[in-house]
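I opened my notebook beside the viewer and jotted down things to look up. Here are my entries, in the order I made them.

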Amino acid sequence: MNIALNFKTIKQLFVIACVFAILTYASFNKLTAHYTKDGIIYDGYFGHKVVGTKNKKSLQQQWIKAVPIESKRFTIRKGTTAMINASNDPSGDGIFYVADTINLPDSLTEIHANVFTNTKGLRKITIPNSVNYIGVHNFAYCTDLVTITLSDNLTKIPDFCFYACTSLARIAIPENVNTIGCSAFEGCGKLVQVKIPNSVHNIRSKAFAGCTSLKKVYVSNDTEIASDAFPPSTKIIARRPSASRQ
C-alpha cells in the first residue's frame, strides 16, 4: 500500500509541475519577453541574462521596454545610461539573439563589451552622440550589418569591434577618434570605403586585415600604422593634417 501511495503522490506532483510549467510559459509569452531580478534583465523564455545594470540603479531607469520577442524590435528605455552583457564572456554571444531594429536613447553613455555580438538580422543601427565608450567585440560577427552611424564622442574604436561584419560596406570614423584597435574591422570583406579623420594617430595590428574590397584609404601622414593593419592590396595615401578628409 505504501508503494501505491508513493506512486500516486509522485504522479500528482508530476502533474502539478507540468501545469506550473505550462502556466509559466504562457505567462511569459503573453506578457513580456523579459523580466527583472537583482538589477539584471533576463530573457523570459530561456532565463538568459540580457542586460546588467552597471551599479544596480533604479530599474525604472535601466531596462528594455517589454515587447514580444517575436517582433525582433527593441527600444531601450530612455534614461538608460549603460548596457552590459551580464555573462561577461568575451567569446560568447551578445544580449540580442535576433533583432532587426534596436533603438538606443540619447541618455546612453556606455556600451560595454559583447553587447551586440553575433546579433542576427540587424542591418543598421545608430549609436547616439551621448555614447562616449564602446567595449571590445561589440559588433563582432554581426554578419547582416550593412550600415552603422557612430557617436561623435567616441575616442577609440576598440579591439575586434566590427570583427567579421561581412556585410559592412562603408564606415565613417568620428572626428574625435584617436585610435583604431587591433582587428577592429578584420574580416570585413565587403568594406569598400572607410573615412579616417586626421584625429586618428594610431591604427593597430590587423585593424583592417582581410578587408580585400578596400582598394585605397586616406590617412594623415602623422598616423602611426601597424605593418599588418591593412591588406597588401590596399593603397594607403598619406595626406597632410590640414588636408581635407576623404
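Where is the place of threonine 109? I found threonine 109 in the loop between E6 and E7. My note on naming: helices (H or I, at least four residues) and strands (E, at least two) are DSSP runs, numbered from the N terminus.

**Ground rules.** This is a predicted model, where local features need pLDDT of at least 70, side-chain atom pairs count only at pLDDT 80 or more, and totals for chains, interfaces and linings use all residues. Residues are numbered from 1 along each chain as its sequence is written, and side-chain values use heavy atoms, with hydrogens and water left out.

**Confidence.** I checked pLDDT, the predictor's confidence in each residue, from 0 to 100. The protein averages 76, and 66% of the residues score at least 70. Over residues 22–70 the pLDDT stays under 50. The model still has 97 contacts beyond four places in sequence for residues 22–70, a contact being heavy atoms within 4.5 Å.

**Overall.** Of the 246 residues, 40% are buried (under 20% relative accessible area; exposed is over 50%, partly exposed in between, with a 1.4 Å probe and protein chains only). Among contacts with a separation of 6 or more, 29% join residues 24 or more positions apart.

**Back to threonine 109.** Is threonine 109 buried or partly exposed? Its relative accessibility is 28%, so threonine 109 counts as partly exposed. Leaving out residues up to four places away in sequence, threonine 109 touches Thr81, Ser130, Val131, Asn132 and Tyr133. Threonine 109 and serine 130 are 21 residues apart in sequence, yet 5.3 Å apart in space, C-alpha to C-alpha.

**Three-strand sheet.** I traced an open sheet in the order E5-E7-E9, with parallel pairing. Strand E5 (82–83) and strand E9 (133–134) are at the edges with a single partner strand each, so one side of each has no neighbour in the sheet. Two strands pair if DSSP finds at least two bridges between them; E5 and E7 (residues 110–111) have two, in the parallel sense. Alanine 82 stands opposite glutamate 110 in E7.

**Four-strand sheet.** Next I found an open sheet in the order E11-E13-E15-E17, with parallel pairing. Its edges are strand E11 (156–157) and strand E17 (224–225); each has a single partner strand, so one side of each is left without a neighbour in the sheet. Strand E13 (residues 179–180) and strand E15 (residues 202–203) run parallel, joined by two bridges. Isoleucine 180 has isoleucine 203 in E15 as its bridge partner.

**Pockets.** On a 1 Å grid over the protein atoms alone, a pocket is an open set of points where a 1.4 Å probe fits, with protein on both sides within 12 Å along at least five of seven lines; lining residues have an atom within 4 Å of a point. The largest pocket has a volume of about 180 Å³. It has 14 lining residues, and the closest to its centre are Ile148, Thr149, Ile171, Ala172 and Ile173. Strands E10 (147–149) and E12 (170–172) each supply at least two residues of this lining.

The second largest pocket has a volume of about 160 Å³. I listed some lining residues, including Asp100, Asn103, Gly121 and Arg123. Strands E6 (101–103) and E8 (124–126) each give at least two residues to that lining.

Terms used
Points joined across faces, edges and corners; volume = space filled by probe spheres on them.
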